[in-house]
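Student: I have just opened this entry, and I would like to learn how to read its features one at a time.

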Amino acid sequence: QTSTLKCTLAITMHNEAQGLFKVLSCFALRGMNVTKLDSRPSSSALGTVLQDTVHWEYVFFLDFEPKDENAIDVVVANVGEFCSSLRILGVYQANLKSSTVQLRNS
């Protein structure tokens, strides 16, 4: 049975041009597959006013497949350069041949 390591992050980014591109490039340059990307408005910041327009802050939830656990530390450090906050929500083994997910014991 084939299984692969998966990791889930929650990140908020600085309000700058191409911020999401910079974050996703961290994974692409390491050959890591991003399997899910979702965004939700942040409940902690209703928005900031910049040049008379409101800029909302969003939390991005991202699932990716690292090559091993050491690769997680490397990519998280790099992604952190472009984020105002970053949290690892989980690292787990995902079974690719069925719909079950096996959580890693910590």
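**Cysteines, rings and contacts**

Tutor: A search of the whole structure finds zero disulfides, where a disulfide is a pair of cysteine sulfur atoms within 2.5 Å. This is a predicted model, in which local features need pLDDT of at least 70 and side-chain atom pairs count only at pLDDT 80 or more, while totals for chains, interfaces and linings use all residues. Residues are numbered from 1 along each chain as its sequence is written, and side-chain values use heavy atoms, with hydrogens and water left out.

Student: Is C83 buried or exposed?

Tutor: Buried means under 20% relative accessible area, exposed means over 50%, and partly exposed is in between (1.4 Å probe, protein chains only). C83 has 8% and is buried, and C7, at 0%, also counts as buried.

Student: How many aromatic pairs does the structure hold?

Tutor: A pair of aromatic rings is described by the distance of the centres and the angle of the planes. The structure holds one such pair, and because the planes of F27 and F64 stand at 55°, with the ring centres 4.8 Å apart, the pair is tilted (centres within 6.5 Å; under 30 degrees is stacked, over 60 edge-to-face, the rest tilted, for rings of Phe, Tyr and Trp, its six-membered ring). F27 is buried at 1%, and F64 is buried at 0%.
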